Amino acid sequence: MYHILVVDDEARIRSIVRKYAEFEGHTVTEAGDGMEAVSLCRRESFDIIILDIMMPELDGFSACREIRKSSATPIIMLSARGEEYDKINGFELGIDDYVVKPFSPRELMLRVEAVMKRVRRPAADSGEPNQIIELDGGGLKVDLTARIVYVDGARVEMSPKEYDLFFYLLRNRNVALTRERLITEVWGYDFYGDARTLDTHIKLLRKTLGRYSEYIVTLRGVGYRFEEKK
């Protein structure tokens, strides 16, 4: 079971999440604002953080930014707003999922489980040589084993799910991938999020790849294809 940090300035929301989490056998620690959350994360470790955006003292985005300076703990962000800008901002900061209020506590617990399954996947066998892909004369260099990406010689950072999506596209170069297949293979059968999450991550990935974003081709009404240039 997991030790969950629930961060929300509404005591009612914290109480509801605690009730369902403890019913599932998890341990819960509560924080009423972003400052308290950052302080707690500096003193102890958590398996996953459920973090509201709109809070006094320090908002969720700022708290996430501070937490990410020293911790890779999975974060599910809560918000009363479902705007794409907020979702993109959250994913760029390295969150793992985004839930819009009002939400189903049961669904939230399913999302917690889905995120934890993804982050706890077994690591690849380190005895194998690193699998490296170079495109465009080495301008885009990817070490699949070490999860390292270089764009024109500069190392770029991605969120965990951006890496997963990018590497799946790379491994299936020149193959038309439906949205359903990408969601199933990258997020898993137990994905409970909004299907638009895929499009948001594609947008983030293209931004990270810069001039190499043209490799990711949108197949209208179907999905996407990583198209290797001849």
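Reply: What follows describes the core and then the salt bridges.

This is a predicted model, in which local features need pLDDT of at least 70 and side-chain atom pairs count only at pLDDT 80 or more, while totals for chains, interfaces and linings use all residues. Residues are numbered from 1 along each chain as its sequence is written, and side-chain values use heavy atoms, with hydrogens and water left out.

A nonpolar core is a set of buried Ala, Val, Leu, Ile, Met, Phe, Trp, Tyr and Cys residues joined through side-chain atoms within 4.5 Å, where buried means under 20% relative accessible area, exposed means over 50%, and partly exposed lies in between (1.4 Å probe, protein chains only). The largest such core holds 30 residues, and Leu140, Val149 and Phe166 are the members that touch the most others in it. Two or more residues each come from β6 (132–135), β7 (140–143), β8 (148–151), α6 (160–171), α7 (179–187), α8 (196–209) and β12 (223–226); these elements are DSSP runs numbered from the N terminus, helices being H or I with at least four residues and strands E with at least two. The biggest contribution to this core is that of α6, with 7 residues. Leaving aside residues up to four places away in sequence, Leu140 is in contact (heavy atoms within 4.5 Å) with Ile133, Glu134, Leu135, Val149, Tyr150, Val151, Phe166, Leu209, Tyr212 and Phe226. Another core lies apart from this one and has 25 residues, including Val38, Ile49, Phe61 and Cys64.

Turning to charged pairs, the structure has 22 salt bridges, each defined by a side-chain nitrogen of Lys or Arg within 4 Å of a carboxyl oxygen of Asp or Glu. In one of them, Arg147 pairs with Asp164, their closest N and O atoms being 3.1 Å apart. Arg147 belongs to the loop between β7 and β8 and Asp164 to helix α6, so this pair ties together parts that are 17 residues apart in sequence. Arg147 itself is partly exposed, at 32% relative accessible area.

A salt bridge also joins the side chains of Arg18 and Glu30 (2.6 Å, N to O). Because Arg18 sits in helix α1 (residues 11–23) and Glu30 in strand β2 (residues 27–31), the pair ties together parts that are 12 residues apart in sequence. Arg18 is partly exposed, with a relative accessible area of 24%, and Glu30 is partly exposed at 26%.
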